[in-house]
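I opened this entry to keep a record of what I looked up, step by step, for someone who has not seen the structure before.

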Amino acid sequence: MHFGLYAGVSSALAAGSVIRACLDRPNFYSSCVYIAQSNACLFILTNLALLAMYSVTLGLQKAFYGPLRPVEVEQLWEKAWFA
């Protein structure tokens with residue numbers, strides 16, 4: 001539940017940032033420049049990128065390994081640090 005709430009809020013903030021940039025700026029290029037120079041927009045979009053990477057990682061874990069016990073999840077994350 002917490003992850004779903006976090007994902008929803010992050011997605012809404014990212015969509016709001018992009019929509020605001022597109023509405024405030026006259027063309028696509030200036031919108032992109034605004035997003036690239038705004039610290040808040042970069043933070044929000046970086047957060048969304050990390051959320052997407054985490055979601056893909058969880059999806060791959062569930063697709064290849066299925067449901068894991070807590071000990072197996074811990075071992076998997078420990079081995080991931082060395083890969």
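Predicted model: local features only at pLDDT ≥ 70, side-chain atom pairs only at ≥ 80, totals over all residues.

**Entry: W77 and the surface**
I looked up W77 and found a relative accessible area of 36%, so W77 is partly exposed. W77 sits in helix α4, which covers residues 70-82.

**Entry: overall form**
I counted 4 helices and 0 strands, and the order along the sequence is α-α-α-α. The radius of gyration is 17 Å, whereas a compact globule of 83 residues would have one near 12 Å. Along the principal axes, the C-alpha trace spans about 55 × 30 × 20 Å. I noted that 17% of the 83 residues count as buried, and that, of the contacts with a separation of 6 or more, 45% are between residues 24 or more positions apart.

**Entry: helix α3**
Does the end-to-end distance of α3 agree or disagree with its number of residues? Helix α3 runs over residues 39-65, and its 27 residues should span 39 Å at 1.5 Å a residue; the end C-alpha atoms are 38 Å apart, so the two values agree. I listed C41, I44, N47, L51 and Q61 as the buried residues of α3, and what covers them includes α1, α2 and α4. Just after α3 I found G66, which takes a positive phi of about 75°.

**Entry: helix α1**
The buried residues of α1 are A7, S10, A14, S17 and A21, and they pack against α2 and α3.

**Entry: S31**
In helix α2 I looked up S31, which counts as buried because its relative accessibility is 3%. Leaving aside neighbours within four places in sequence, I found S31 in contact with A21, C22 and R25.

**Entry: salt bridges**
How many salt bridges does the structure hold? I found 2 salt bridges. In one, R20 pairs with D24, and the closest N and O atoms are 3.5 Å apart. R20 and D24 are 4 residues apart in helix α1, so about one helical turn separates them. R20 counts as partly exposed because its relative accessibility is 47%, and D24, also at 47%, counts as partly exposed as well.

In the other, E72 forms a salt bridge with R69, with 3.1 Å between the closest N and O atoms. E72 has a relative accessible area of 28% and is therefore partly exposed, whereas R69, with 56%, is exposed.

Key:
Residues numbered from 1 in each chain as written. Heavy atoms only, no water. Helix = DSSP H or I, 4+ residues; strand = E, 2+ residues; numbered from the N terminus. Buried < 20%, exposed > 50% of the residue type's maximum accessible area, 1.4 Å probe, protein only. Expected span 1.5 Å × (residues − 1). Contact = heavy atoms within 4.5 Å. Rg over C-alpha atoms; globule rule 2.2 N^0.38 Å. Salt bridge = Lys/Arg side-chain N within 4 Å of Asp/Glu carboxyl O.
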